[in-house]
Amino acid sequence: MSEKYDVVVIGAGPGGYVAAIRAAQLGLNTLCIEKWVSAEDKLVLGGTCLNTGCIPSKALLASSHKYVEVRDEMAVHGIQVNAPKIDVAAMLARKDKIVTQLTGGIAGLFKANGVNVAEGLGKVLVGKRVEITAKDGTVTVVDADNIIIAAGSVPIDIPPAPVDNDTIIDSTGALELTEVPKRLGVIGAGVIGLELGSVWGRLGSEVVIIEALDEFLPTIDKQIAKEAHKIFTKKQGMDIRLSARVTGTKVDAKKKQVTVSYTDSDGDKEIVVDKLIVAVGRKPYTEQLLAGDSGVTLDERGFIFVNGKCQTDAPGVYAIGDVVRGPMLAHKASEEGVMVAERIAGKKTQINYDCIPGIIYTHPEVASVGMTEEQLVADGIPYKTGVFPFAASGRAMAANDTGGMVKMIAHEETDRILGCHIIGPSAADLVQQIVIAMEFGSSAEDIALTVFGHPTLSEAVHEAALAVGGHAIHIANKKPRKPKAKK
Ligand code: FAD
Ligand code: NAD
């Protein structure tokens, strides 16, 4: 007889490992299956996020930002320094150490919570059974009352720029470059293109980003996207070419460079770069995951089809994270993991999909939650906005970090906050205040009436809320509201 578990989780990324821990915390006998093994043949937990995504990219963003601070931003403080030198090997070693520490931490958390782990490829069979194929080809089958699929995603390839993991690389390769390329091309001005383009651009690469769309960051609020474009191109020297479609690449192995051909409104063009990062999005990973008769279905874009509670078409089988619809974000994956584990345990947990923050970890950071002005216009929802620039923030000035603004949007009649969009220092952490406020159905006035510490960057959030009501203190209000005359 095969072993039986209350919950079998496939994948140990931020969706799967969180689901497994929460299920075990709730007393469910849980097994988590992971196929990722390291070059040293050791099981790797943590998925894309910890190994080749969020964490290593943020480690390199932190290192490269420090480099820029030392190179460009000390003199203003009266600190004299010699031109810094970057030791790329040391920077990568630091990143790798953080990754090892965190992935090892998950193994510890699994142990502490009593999560069982199986190394191998998990496949969903009909009747809530899961086949596990180990590295050596051994196959076992386990039974489950519930299955949670958290198989994640992989980079999208495009035929004109096939990744060779040498000259043409994907995001994983871009985290491993052993020297700073003199000329760096990036296909795709999305989150990865901007973050990893920033890392190497800060360290000295001449960065050219080729983007197919005619609009920069089309899904974020236009005012914020415009400001981001201005800062990245004019202040930071990123060369972002919009409406540019890559038609081909030619690698010259001898010269260790690649010619990238593309077409824009002026016709056919070429650039020659030393490394080319392909960052045109990611796709759900479902290879060898589902038996033909598993009952789990895919949507037209290849994502596992689920409802709002992450239930697939097969009873007792759930799917979460990058492998299902919605933003490909670690925190979205984790919250779905918690929701599913708790619902399996009989709780009524839900996710508010309207309150998932999105962040681009450039400097300044770009962070948003809720609806953009453009979405509200399209939906015919009446709204009012309040904007506060960091140039007017005492704390930002003290830190010599005044680029960007906070923009708050509230319903015209009810004053309920509908969205908040920030470009600026610590935007990722600032926007979280409004995520919490929105979860509690807060009005802009609620934020305006809250006491904020001084001097803090958070005061910019406070002032944006005051500006929604037309009474910001530290900037001139656009349309001051006149008190109604007494009759
Ligand atoms: P994954 O993390 O992809 O994990 C899936 C796991 O399942 C993998 O370990 C895989 O090996 C395993 N698996 C797959 N199939 C099987 C199978 N059949 N059997 C056994 N195991 C299997 N998101 C953010 O929120 N913030 C960020 O700052 C951020 N930065 C990023 C930077 C980069 C460069 C990249 C590439 C991504 C970044 N992301 C970020 C996105 C984030 O990494 C993903 O949204 C997140 O990892 C998705 O989690 P997941 O658990 O769904 O999938
Ligand atoms: P993305 O969707 O953010 O950006 C891809 C960009 O490539 C888009 O602007 C798209 O128009 C462009 N593009 C597509 N095909 C093209 C082509 N042929 N030529 C030129 N441009 C083309 O995707 P990404 O940057 O690859 O990131 C993948 C996922 O990883 C995202 O969904 C994101 O959520 C996640 N991620 C998140 C973070 C974060 O939260 N900070 C960081 C990195 C990655």
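First, the conventions. Residues are numbered from 1 along each chain as its sequence is written, and chains are lettered from A and ligands numbered from 1 in the order in which they are written. As the model is predicted, local features need pLDDT of at least 70 and side-chain atom pairs count only at pLDDT 80 or more, while totals for chains, interfaces and linings use all residues; side-chain values use heavy atoms, with hydrogens and water left out.

Let me start with ligand 1. There are 39 residues around ligand 1, and Glu34, Thr48, Lys58, Asp322 and Ala330 come nearest. A residue is near a molecule or strand here if one of its heavy atoms lies within 4 Å of it.

Next, the polar contacts. The term stands for a pair of N or O atoms within 3.5 Å; within protein, one must be able to donate a hydrogen and the other to accept it, and residues adjacent in sequence count only if both atoms are side-chain atoms. Threonine 48 has a polar side-chain atom 2.6 Å from an oxygen atom of ligand 1. For aspartate 322, a polar side-chain atom lies 2.8 Å from an oxygen atom of ligand 1. Lysine 35 takes part through its backbone, with an N or O atom 3.3 Å from a nitrogen atom of ligand 1.

How much of the accessible area of ligand 1 does the protein cover? On its own ligand 1 has 1,000 Å², and the protein covers 95% of it. Accessible areas come from the Shrake-Rupley method with a 1.4 Å probe, and for residues only the protein chains shown count as cover.

Strand 2 (30-34), helix 2 (47-52), helix 3 (54-72), strand 4 (121-125) and helix 8 (330-344) are the elements that give two or more residues to this shell. Helix 2 gives the most, with 4 residues. Helices (H or I, at least four residues) and strands (E, at least two) are DSSP runs numbered from the N terminus. By class, the shell around ligand 1 has 18 nonpolar, 16 polar and 5 charged residues. Ala, Val, Leu, Ile, Met, Phe, Trp, Tyr, Cys and Pro count as nonpolar, Asp, Glu, Lys and Arg as charged, and the others, Gly among them, as polar.

Now helix 3. Its 19 residues reach 26 Å from first C-alpha to last, close to the 27 Å expected at 1.5 Å a residue; the expected span is 1.5 Å times one less than the number of residues. The buried residues of helix 3 include Pro56, Leu60, Ser64 and Val68. Buried means under 20% relative accessible area, exposed over 50%, and partly exposed in between (1.4 Å probe, protein chains only). Helix 2, helix 4 (88-113) and helix 6 (191-202) are among the elements covering the buried residues of helix 3.

On to ligand 2. Of the 20 residues around ligand 2, Ile192, Glu195, Glu211, Gly281 and Ile359 come nearest. A nitrogen atom of ligand 2 is 3.2 Å from a polar backbone atom of alanine 212. Ligand 2 exposes 840 Å² when taken alone, and the protein buries 76% of that. Helix 6 gives the most to the shell around ligand 2, with 3 residues. That shell has 13 nonpolar, 3 polar and 4 charged residues.

Next is helix 13, residues 458-468. How many of the residues of helix 13 are buried? The count is 11 of 11. They pack against strand 20 (383-389), strand 21 (405-411), strand 22 (417-424), helix 11 (427-439) and helix 12 (444-448). Just after helix 13, glycine 470 takes a positive phi of about 80 degrees.

Last, the other backbone details. The peptide bond joining histidine 363 and proline 364 is cis, with omega about 0 degrees, and proline 364 is in the loop between strand 18 (358-360) and strand 19 (365-370). Another cis peptide bond runs from histidine 454 to proline 455, with omega near -5 degrees; proline 455 is in the loop between helix 12 and helix 13. Aspartate 41, in the loop between strand 2 and helix 2, has a positive phi near 70 degrees. Aspartate 41 is partly exposed, at 47% relative accessible area.

Terms used:
Contact means heavy atoms within 4.5 Å.
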